[in-house]
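Open the structure in your viewer and keep the selection tool at hand. The tour goes from one selection to the next and says what is found at each stop.

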Amino acid sequence: MRGGQWRRIASQVGRSATVWAVSTLTMLVLAGILPDFQLQSADGDSATRIAITAALGAGAFGVLSAVVWPVLVRLLLLVPALVIGLLVFFLNGSLLLVALRINPTGRGAVAPETAVIVAAVMSAVASATGAALAVRDDDAYRRRLYRLADRRRSRPPCAASPGTVFVQLDGVGHDVLTAAVGNGLMPTVGRWLGAGDGQAPTHRLTPWHTDWSSQTGASQLGILHGSTFDVPAFRWYEKDHGEVVVCNRPTSAAELQRRAVERTGDRGLLGVDGASRGNLFSGGADEQALVLSIAARRRGRENRSRAGYFAYFSDPANAVRTALSFGAEVGREIGQSTRARIRKQRPRVGRGGLYPFVRAFATVVERDVVVAAVVGDMLVGRTAVYADLVAYDEVAHHSGPHSQDAAKVLHRLDRSLALIAKVAEHAPRPYRIVVLSDHGQSPGETFRARYGLTLGDLVRAGCGLHVPRRAEHTHSGAEARAAVRAALRRPVEEGGERHGPARRRSEPIVLASGNLGLVSFPDVPHRMTKEEIDARHPALLGTLANHPGIGFLLVRSAEHGGVVLGAYGAQIPLDRLDEEPGPLARFGPGAADAVRRTHGFPHTADIMVNSAYDPADGEVLAFEEQIGSHGGLGGAQARPFLLSPLALSAPAGDGRALVGAERLHQVLRRWLHESNGPQVPLPTAESDRKAA
C-alpha cells in the first residue's frame, strides 16, 4: 500500500477507537446517573470489571447499530412515514438491550424505558464525536456525507462542467424573502445577494408571476414538465371521469404527470442524469426519492419514492437526531398554538389533533431527508437536482406568512442552504445553486370566520338547498334565502329544500383551493353556461357575485363564450377585459390573461369563484381553514421568486415580466444548456404551439 493509504487507515482506526472510548465513558456516566441502568452484578464489581463491561457493551451497541440498524430501517419502509420518527427511539433502545444481553461478561441490565434514553444519548454522543473528529479531514467529511444519502454505487467520472442544484422553498413569496434577508433571518441568502458590508453579490433575485392557479401542483408541474395545461386548481371535479382530482394525491399526481409528458413529448427538466427529491412530480429523473407521482405504484425497482427514508435513517445517529428534533418541533407547535389561544390572536385557525405531528414531519423529517439526498447527489456529481422543502408553506398556512413561527422556519431553511453550499466545496464538480419558490402566500382570515358559513353553505343557500342551521342564521345565509325566494317567486321551506337520493345526485360539488372555489354540477356532462345555470338556479350567480367576500366569478356563456361576473350586475365578456377589467381591476396586471387561459381548460369548473382581495393590506379570504393561503388571484400568493447565480444568463433578458411556470421551465432548461448539462431538447416552434 502507498503511504497515503496507510495514513487514511490509521486515521480511521484512531477515530473509531476514540468514538468507542467516548461511548464507553458515556455508558459509565449514564449507569451512574440512571437508577434502572446497571453495569455490575448485584454483589458489586471492581472498577476494572465495570469498565470492561461498559467497553464491551458500547462496542456491541456500535456494531449492532452499523450492521442491524440498516435492516430495521428497510423494514420501517413498510409503515407510514409519519411514524418512523416515533419508532426510532424504541428500536434503538431494543438494540441496546440486545447489546447488553450478548455482553460476554454477563453483566449489565437496564429497564426497557431507560434503554430508550441510554441508546438515544449514546447515539447522539457518538455522532457528535465522529463529526468533530472528521471536521479537518476532508476525506472523512465526504465519506460521512456519502453515508447520509447512501450513495456508494460507482459512477463514471464527472464532467468538468458545473452541475445545477435547484432548491424550491415551497410557499416563500418574493416579498417574504426580501424581508427575511433585510431582518437578518437568512444570512446565507443575504451573502449571495451582497447584503453585507463590502460583499459583492453572487446571485440575482427576480420575481416571477404564477398563473391563476397559484399552488404547487400547477407550478411544479410547469417547472419540471413544461405544462400547466388543464390544471385549474389544487383540486377539481372532472365530469368525464366522475372523480375529484387532488394534486397531492399519488394517483392524481401520476395522472397529471402522464398528461404533461404526453402534451410536451418530453420526459422533463431532469430527463438526463437528474434527481428529483421531495417533489410532487419526477421531472423525468432516473433518481427519485420521496416523489409523490411514483408513490402509488407497487413497490419494486420502478418505485423508489421512499428510498430516501432508508438512505437517511440507515444511520442510527441521524435517526436519533431527527427523532429528537421531531419531538422538539411537536412541543414547539403545541406551545406556539397555546400562546396564540391565550393571547386571543386573530386571525387564527385550529391547530390541534394530528397537526403538531404533521408540522413536525414537514419541518424536520422531510427537510432532513431531502437535504441528505441532495448532499448525496452532489457528492456523486449528478448533473441536475431538484428538491422541494415544504416547511415554510406548512407553518405559514396555520400561523400566517408573516408570523414569528414562520420566520423561525425561514431561518432554519437558510441553514439548510448553507449546508448545501458547504457540501458543494467537497463535490467532485462545481455546482451552481438556484433557489426558487413555486408561489407565495397571501394573509387573511378565513371566509367562514368572517361570515359564519362556508362557500359550500353559500352555494347551497343560493340553490335553495338545505344548509346547516348555523349557516341559516348568518346574515349571508339570510340574504341568500331571500334572493332565492325573490327569484322563485315562492317561499322556501324552513331549512331549505330537501330531496331524495335522485335530487341529491344533482347537487353541486363545491371544492376549495385556498381562496379559489370551484362549483360543479355532476349530473350535467358538459360545462354549464351562465344561461343554463340561471335557468336551473336563478338566484345562485347573483348570490355569489354580490357577496362581499367574493371578488369575481368566471362562467361560460352561450352568448359571449365566457364572462366575468362581479357585484352590482357587472358582466364583462372575456374579450373585453383589457379595455374594461371591471372586478378584475384590483387584482392587477395579468389577471385578465390568467382568467382567459383558465377558461380554455377542458376541466374548468362550471363556476370559478375567486375570493375578495384588499390591495391595501394584501389580504384575501381563504375558503379553506388557512390564515395564509394560495391557489387563486390576489396579493403575494402569485408573486414567488427566483434566485440565480450571476454566472447564469438573466432569466428575463428581453425585459418582459417572467409569467407562468411554463416560461420558468424554459429558463431553467436554458441554464442547463449553458452549463453543458443534460442535453434535453430545446423547444421547437411546434412544441410551443402544443403548449399554448
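Which residue is the bridge partner of Leu169 in S9? Select Leu169 and then Leu389: Leu389 is that partner. Before going on, note that this is a predicted model, in which local features need pLDDT of at least 70 and side-chain atom pairs count only at pLDDT 80 or more, while totals for chains, interfaces and linings use all residues. Residues are numbered from 1 along each chain as its sequence is written, and side-chain values use heavy atoms, with hydrogens and water left out.

**The whole chain**

Show the chain as a cartoon. Its secondary structure comes to 25 helices and 21 strands; helices (H or I, at least four residues) and strands (E, at least two) are DSSP runs, numbered from the N terminus. Of the 692 residues, 55% count as buried, where buried means under 20% relative accessible area, exposed over 50%, and partly exposed in between (1.4 Å probe, protein chains only). Among contacts between residues at least 6 apart in sequence, 70% join residues at least 24 apart; a contact means heavy atoms within 4.5 Å.

Select strand S3 (residues 163-169) and strand S9 (residues 384-389). They run parallel and are joined by 6 bridges. Strands of a sheet pair through backbone hydrogen bonds, either parallel or antiparallel. Here, two strands count as paired if DSSP finds at least two bridges between them.

Now extend the selection to the open sheet of 7 strands, whose order is S4-S21-S10-S3-S9-S7-S8, with mixed pairing. S4 and strand S8 (287-289) are the edge strands, each pairing on one side only. From one strand to the next, the twist averages 15°. Such angles run from 0 to 180 degrees between N-to-C directions, and axes are lines fitted to C-alpha atoms, for helices over the stretch in contact.

**Strand S21**

Next, select strand S21 (residues 641-645). Are its residues mostly covered or uncovered? Mostly covered: 5 of its 5 residues are buried. Phe641, Leu643 and Pro645 lie on one side, and Leu642 and Ser644 on the other.

Strand S4 (residues 203-207) pairs with S21 in the antiparallel sense over 5 bridges, and Leu205 stands opposite Leu643. Strand S10 (residues 431-436) also runs antiparallel to S21, joined to S21 by 2 bridges; Leu436 has Leu642 as its bridge partner. Then show helix H24 (residues 661-674), which lies across S3, S9, S10 and S21 and runs at about 10° to S21.

**A buried loop residue**

Select Leu269, in the loop between helix H10 (250-264) and strand S7 (274-277). Leu269 has a relative accessible area of 0%, so it is buried.

Select helix H13 (residues 355-379) and helix H14 (residues 391-399). They pack at an angle of about 150°, with their axes 8 Å apart. That angle makes H13 roughly antiparallel to H14. Angles under 35 degrees count as roughly parallel, over 145 as roughly antiparallel, 65 to 115 as roughly perpendicular and the rest as oblique. Show the side chains of the contact: Tyr355, Val358, Arg359, Ala362 and Thr363 belong to H13, and Ala391, Glu394, Val395, His398 and Ser399 to H14.

For the last stop, select the open sheet of 6 strands with the order S12-S13-S17-S14-S15-S16 and antiparallel pairing. Its edge strands are strand S12 (509-513) and strand S16 (571-573). Strand S15 (residues 561-565) is joined to S16 by 3 bridges, and Leu565 has Gln571 in S16 as its bridge partner. Then show helix H17 (residues 455-462), which packs on the sheet and touches S12, strand S13 (516-520), strand S14 (550-557) and strand S17 (607-611). Helix H23 (residues 591-599) packs on the sheet too, touching S14, S15 and S17, and its direction makes about 40° with that of S14.
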